[in-house]
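Subject: Structure handover and notes

Hello,

Here is the structure you asked about, followed by notes on what was found in it. Please read the notes with the model open.

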Amino acid sequence: MSSLEIALRGNWLHWDGLEAGLTDQALRHLLGPDVIAEAREPARLSLQLVTRQVYRRSAPPHMVVAWFEDAGDRLLLIELDEPPSLASLDEIVSAWGPADRVAPGRSIVLGAMTTEYVYLSRGIALTIAESYDDPPSFAPRIARVRLFVPTDLQGFLVRLGGGDRNYGPR
């Protein structure tokens, strides 16, 4: 089973990072036959010029965003909005231990505060949404994941946009 299949199923306890060399063709195959791909568009990731493509699916996660090096087919980063999870958030955090980096979330979730937890050796940045209502109107949940080949902090910040404030409108 590929790492992306593990992610699409939400089997986070077995997540060890995105495979190097994943291409658009392989991504489309794994997303399934009902995937609708929007047109690729130029974008910035840190200081790099890249392209990004949005894929919409009927099954969760319903939106997948892929970031490619320039106009090529090599994937840098994959984002899953509201991904499924087979384990509770507490189980995931307990199994993974402390994050390498904790920062304010870069994703907006209505009615929630977001925090990004980055696990560099696992190749994942989890954006956790927590209700700001008192009492909370929902339990903390994974709002978005950013998947990448395991890296160090410099690679995350410089190549993968880890210091960017947000990734723009969807």
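Two strands are said to pair if DSSP finds at least two bridges between them. Helices (H or I, at least four residues) and strands (E, at least two) are DSSP runs, numbered from the N terminus. This is a predicted model, in which local features need pLDDT of at least 70, side-chain atom pairs count only at pLDDT 80 or more, and totals for chains, interfaces and linings use all residues. Residues are numbered from 1 along each chain as its sequence is written, and side-chain values use heavy atoms, with hydrogens and water left out.

Strand S6 (residues 101-104) runs antiparallel to S7, and 4 bridges join the two. Within that pairing, Ala 103 has Glu 116 of S7 as its bridge partner. On to the next pairing: S7 and strand S8 (residues 124-131) are antiparallel over 8 bridges. Thr 115 is partnered with Ile 128 in S8, and Met 113 with Glu 130 in S8. S7 and S8 make a hairpin with 4 residues between them, and Gly 123 in the turn has a positive phi of about 65 degrees. S8 also pairs with strand S9 (residues 141-147), again in the antiparallel sense, over 6 bridges. There, Ala 129 stands opposite Arg 141 in S9.

Burial is used here as follows: buried means under 20% relative accessible area, exposed over 50%, and partly exposed in between (1.4 Å probe, protein chains only). In S7, 6 of the 8 residues are buried, so this strand is largely enclosed by the rest of the structure. The count for S8 is 7 of the 8 residues, so S8 too is largely enclosed.

Ser 131

Ser 131 belongs to strand S8 and counts as buried because its relative accessibility is 11%. A polar contact is a pair of N or O atoms within 3.5 Å; within protein, one must be able to donate a hydrogen and the other to accept it, and residues adjacent in sequence count only if both atoms are side-chain atoms. A polar atom of the Ser 131 side chain lies 3.1 Å from the backbone nitrogen of Asp 133. The Ser 131 side chain also reaches the backbone nitrogen of Ser 137, at 3.0 Å. Leaving aside neighbours within four places in sequence, the residues in contact (heavy atoms within 4.5 Å) with Ser 131 include Gly 111, Ala 112 and Pro 136.

Aromatic rings

Rings of Phe, Tyr and Trp (its six-membered ring) pair if their centres lie within 6.5 Å; planes under 30 degrees apart count as stacked, over 60 as edge-to-face and the rest as tilted. There are 3 aromatic pairs in the structure. One of them is Trp 12 with Trp 15, edge-to-face at 6.0 Å centre to centre and 70 degrees between the planes. Both Trp 12 and Trp 15 are buried. Trp 96 and Tyr 119 form another edge-to-face pair, at 4.9 Å centre to centre with 70 degrees between the planes. Trp 96 is in helix H3 (residues 89-96) and Tyr 119 in strand S7 (residues 112-119), so this pair ties together parts that are 23 residues apart in sequence. Trp 96 and Tyr 119 are both buried.

Regards
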